[in-house]
2 protein chains.
Amino acid sequence: MNLHQPAELLAAVRARNPRAIGRAISLVEDGAPAAEALLDLLDREALPAVVTVGITGPGGAGKSTLTQQLIGHYRGLGRRVGVVAIDPSSPISGGALLGDRIRMMRHATDGEVVVRSMATRGRIGGLCASAGAAVRLMAYAGCDPVIIETVGVGQAEIDVVRLADLTLLVMAPGLGDDIQAMKAGLVELADVLVVNKCDNPGAEALAMDMEQVARERDRLLRRTCATEGRGIAELAEGLETALAKSSESGELARRRQRSREAEVLDWALEMMRPRLSSLLRDNGPVRGDPRLAARNLLERLCRSAADLSNGISKEST
Amino acid sequence: MNLHQPAELLAAVRARNPRAIGRAISLVEDGAPAAEALLDLLDREALPAVVTVGITGPGGAGKSTLTQQLIGHYRGLGRRVGVVAIDPSSPISGGALLGDRIRMMRHATDGEVVVRSMATRGRIGGLCASAGAAVRLMAYAGCDPVIIETVGVGQAEIDVVRLADLTLLVMAPGLGDDIQAMKAGLVELADVLVVNKCDNPGAEALAMDMEQVARERDRLLRRTCATEGRGIAELAEGLETALAKSSESGELARRRQRSREAEVLDWALEMMRPRLSSLLRDNGPVRGDPRLAARNLLERLCRSAADLSNGISKEST
């Protein structure tokens, strides 16, 4: 098997070859030229519609443990599970920080669980694009659901929220005032609120607060104690309920459309960025007003629009 | 005084009128059309070169308290201090979550401290652009240094790191394994490592770990106990040392150039995004391959490059 051949690589992904899946996603993440050919092939295939679940929340809320438990739950139902873990990382060193997430070790030897870390890197705006492609590759490799888990609460997390069919916000007591920020902002984007570490001091007070929020905004609330596996079945049932409701109301279709649009916009800006960047470098050191420099840059881009158009078409062949 | 008049607003910013400063930054943050005129005026002015200090680190490390203490330190030296606080926020509700940061209350009545929250919003890529403009407005209003503080560790934080002259990474014991991620990734971007909460259990072990990291990568390490104000003078001295070193080696100039380039690129993509977005909407629901859709979008953009060029020139007048 020659995994350097796009068609063979894709066939191996479909055959659920773990090495092939890993390699395919790496190509996409690295923005390698070979990724173009691979994705062109993938996008000609009929992909199964899989459910994507976003898991977000502040550091320390227990997202990883909860994700592990959800994986276990779906595995118990005989389902093959994909996990895309979004890690912040240095624009200098690049690469996902935690490798393929040592914390998923519990399922490391289970061939029916595909775990993949993606770095947010310096490439702002490219995350929707590459995570979207990773989800499609996992779907093609038979995973359903695909869980998108994040580290921390930041812009990357908000992007992920826009990408998933359903979003789960994990909270825990005692995380300081970041949680205040999160409550106000992320609650609106979450379909299911989870108060994890439900045995810890302050959990009940937090759950009562969140129950009110959940009522006001018509969200589901679940309590879990992920380290002991308690509340996981109820959470999974909550996800089913939320998904059914979203599907009936047409919200799911709207969300998938928005997610698709966000991804297209990201790809477009991503394709634009290197051209702008090299135009910028060609012009020597930037002096004075950055906005004027930006306008000059776009004007130069427009003048070279024919080249741009050629460049884009060339890539598509 | 008519703060709706760009020239008068800018004059009031220069005269250090707090309401004017707040309004000017709001215009920029909202991407209001009036911001264009204001920034055009600002960018014709000779701005003082001020020092910018980025403060980053995981939630719970005590960034806010440390920032307060640093403000106090610089106020003690008679310096006027600006703070741009970067908050994650919902792309739906928009707006900075913590208002102008209740946590900065200690200095709330001090007219020589200008505090401003900025939301990362849904506008990925726009943060460098608008935070850069906010920093210039604060510099114009006499602030030096300008501190850029973040909530959490994510893409927004990495952007901030690229923007600042110096970056300070705040850590504390007992924050779980997010700190592992942070060590690996953000340490490379930080000039000064701070182990805060230095009285807490585990602080010494963390400090020893970080000392090794600091030695390996030629970084400064400082221990602080921000709630009690201990170690702050030593930290400020560390910042001076790092700045002098960076200035001598030419790294400071390189970093400012890179920061300027990142800002220009952000402005350019920011100017591009609404056009791409409206082109995308004009075309009805997106079906099929997102990358093909993105290429089609860029091709359409190129065909309408003349319009784009006109649009950009119109904005600049």
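Student: Among contacts in chain A between residues at least 6 apart in sequence, what share joins residues at least 24 apart?
Tutor: Heads-up, this is a predicted model: local features need pLDDT of at least 70, side-chain atom pairs count only at pLDDT 80 or more, and totals for chains, interfaces and linings use all residues. Residues are numbered from 1 along each chain as its sequence is written, with chains lettered from A and ligands numbered from 1 in the order in which they are written. A contact means two C-beta atoms, placed from the backbone, within 7 Å. For chain A contacts between residues at least 6 apart, the share joining residues at least 24 apart is 73%.

Student: How much of chain A counts as buried?
Tutor: Chain A has 12 helices and seven strands (DSSP runs numbered from the N terminus, H or I over at least four residues and E over at least two). A residue is buried with 20 or more other C-beta atoms within 10 Å of its own, exposed with 12 or fewer, and partly exposed in between, the C-beta atoms being placed from the backbone. Of the 317 residues of chain A, the buried part is 52%.

Student: Which residues touch the most other members of the largest nonpolar core?
Tutor: A core here is a set of buried Ala, Val, Leu, Ile, Met, Phe, Trp, Tyr and Cys residues joined through C-beta atoms within 7 Å. The largest one has 176 residues. Beyond four places in sequence, L137(B) contacts V13(B), I21(B), A24(B), I25(B) and L42(B). The residues touching the most other members are L137(A), A268(A), L137(B) and A268(B).

Student: At what angle do α5(B) and α10(B) cross?
Tutor: Take α5 (residues 127-140) and α10 (residues 251-282) of chain B, whose axes come within 7 Å. Axes are lines fitted to C-alpha atoms, for helices over the stretch in contact, with angles from 0 to 180 degrees between N-to-C directions. The two axes cross at roughly 120°.

Student: Is Y140(A) buried or exposed?
Tutor: Y140(A) is found in helix α5 of chain A, and touches V13(A), R14(A), L42(A), E45(A) and L47(A), not counting residues up to four places away. Y140(A) and V50(A) are 90 residues apart in sequence, yet 9.4 Å apart C-alpha to C-alpha. With 20 other C-beta atoms within 10 Å, Y140(A) is buried.

Student: What is omega for the cis peptide bond between D144(A) and P145(A)?
Tutor: P145(A) lies in the loop between α5 and β4 (146-150) of chain A. Chain B also has a cis bond, from D144(B) to P145(B), with omega near 10°. For D144(A) and P145(A), omega is about 10°.

Student: Where's R16(B), and what is its phi?
Tutor: R16(B) sits in the loop between α1 (6-14) and α2 (18-30) of chain B. It counts as partly exposed because 16 C-beta neighbours lie inside 10 Å. It is not a glycine, although its phi is positive, at about 65°.

Student: Is K197(B) buried or exposed?
Tutor: K197(B) lies in the loop between β6 (192-195) and α8 (203-217) of chain B. Its phi is positive, near 55°, in a residue other than glycine. With 25 other C-beta atoms within 10 Å, K197(B) is buried.
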